[in-house]
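Colleague: I am new to this one. Could you show me how to read its sheets?

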Amino acid sequence: MTTLVFGHKSPDTDSTGSPIIWAWYLNEIKGGNAEAVLLGEPNTEAAWLLHRWDLPKPRIIADVEDDQPCVIVDTNNPAELPANINGADVQAIIDHHKLVGGLETKGPIDITIRPLACTATIMYDLMGDDVAKMPDWVKGAALTCILSDTLEFRSPTTTDRDREVVKVLADDLGINITDYAAEMFAAKSDVSEFSDAELIRMDSKEYEVAGTKFRVSVLETTAPEIPLGRKASLMETFKTVAAEDSVDQVLLFVVDILKEEATLLVPNDVVKTVAEKSFGAKVEGDVVVLPGIMSRKKQIIPNLAV
């Protein structure tokens with residue numbers, strides 16, 4: 001039976017590229033039968049990755065069947081996975097997020113969770129000497145994933161190992177890192193074709209704090225004026241998304257990659273309180289700028305308070 005390799009819902013670049021990388025490894029190096037799949041439409045930067053390296057878009061699945069062999073990458077959170085994930089035959093987890101709990105497996109499995117900025121960096125290390133067998137398109141996917149998750153090394157999640165792997169991959173491919181990252185971020189910033197609801201869900205995770213359920217959304221961009229120009233309609237759509245997704249509040253952070261700051265949209269007093277308690281911010285009006293805030297994983301989620 002084919003082993004499905006997938007990341008989290010609302011797939012970003014890492015959750016699109018890393019399943020492709022690992023499926024290649026399982027098939028070509030380990031002699032297995034694996035398929036990379038997605039749990040939703042890839043975001044604009046992830047779609048650019050597929051186009052840039054001439055890769056077919058992986059099949060999108062809604063759920064997994066009982067006993068379906070699978071490998072989970074870039075998450076270990078059941079809330080971000082198919083509804084029947086505990087009925088599937090999870091064989092491995094490769095991740096760089098904190099351990100959430102709640103997953104059940106059919107037996108002992110391989111789990112690798114490391115404090116690196118990107119799943120692709122972990123995969124590069126797990127492959128050992130076999131990285132020499134990577135074709136250019138696999139190297140390109142890994143390079144794109146790492147530059148995305150580190151925001152070209154601006155994110156506080158960046159480690160020396162992430163930098164080292166990027167340099168090796170870029171040198172092998174003859175790619176200028178700064179120019180390549182600029183192309184990636186331009187693709188990430190092109191959100192004009194997306195509805196407000198799609199923007200809110202594009203890169204988002206559910207998180208609960210003291211009984212309050214949040215959808216924590218991040219839009220990383222080099223053109224923050226584009227989403228912020230839609231702030232009125234975005235905030236109006238928060239209500240619809242919250243009702244449809246069974247959460248209490250939506251938190252939308254527009255991360256300015258170049259200025260290295262985030263702007264949080266503040267539609268009500270609850271979010272105002274969250275901003276003040278979580279980030280020590282003084283909120284006046286319907287937005288607040290948070291200097292230095294770049295990472296949901298390291299700076300936003302751990303600090304959320306209500």
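Predicted model: local features only at pLDDT ≥ 70, side-chain atom pairs only at ≥ 80, totals over all residues.

Colleague: What counts as a strand, a helix or a pair?

Modeller: Helices (H or I, at least four residues) and strands (E, at least two) are DSSP runs, numbered from the N terminus. Two strands pair if DSSP finds at least two bridges between them.

Colleague: In what order do the strands of the five-strand open sheet stand?

Modeller: The order is 7-8-9-10-11, and the pairing is mixed. From one strand to the next, the twist averages 25°. Axes are lines fitted to C-alpha atoms, for helices over the stretch in contact; angles run from 0 to 180 degrees between N-to-C directions.

Colleague: How many bridges join strand 7 to strand 8?

Modeller: Six, between residues 204-209 and residues 212-221, and the two strands run antiparallel. They form a hairpin with two residues between them. A210, in the turn, has a positive phi of about 50°. V209 faces T212 of strand 8.

Colleague: In which sense do strand 8 and strand 9 pair?

Modeller: Parallel, over eight bridges, with strand 9 covering residues 249-256. R215 has V250 in strand 9 as its bridge partner. As a general idea, side chains in a regular strand alternate between the two faces of the sheet.

Colleague: Which helices lie across strand 9?

Modeller: Helix 9 (residues 231-245) does, at about 135° to strand 9. Helix 10 (residues 269-279) does as well, at about 55° to strand 9. Contact here means heavy atoms within 4.5 Å.

Colleague: What is the order in the open sheet of six strands?

Modeller: It is 3-2-1-4-5-6, with parallel pairing. Strand 3 (59-60) and strand 6 (110-113) stand at the edges; each has a single partner strand, so one side of each lacks a neighbour in the sheet. Strand 5 (residues 89-95) pairs with strand 6 over four bridges. A92 stands opposite D110 in strand 6. Helix 1 (residues 13-29) packs on this sheet, and its direction makes about 175° with that of strand 2 (34-38). Helix 3 (residues 119-127) runs at about 105° to strand 5.

Key:
Residues numbered from 1 in each chain as written. Heavy atoms only, no water.
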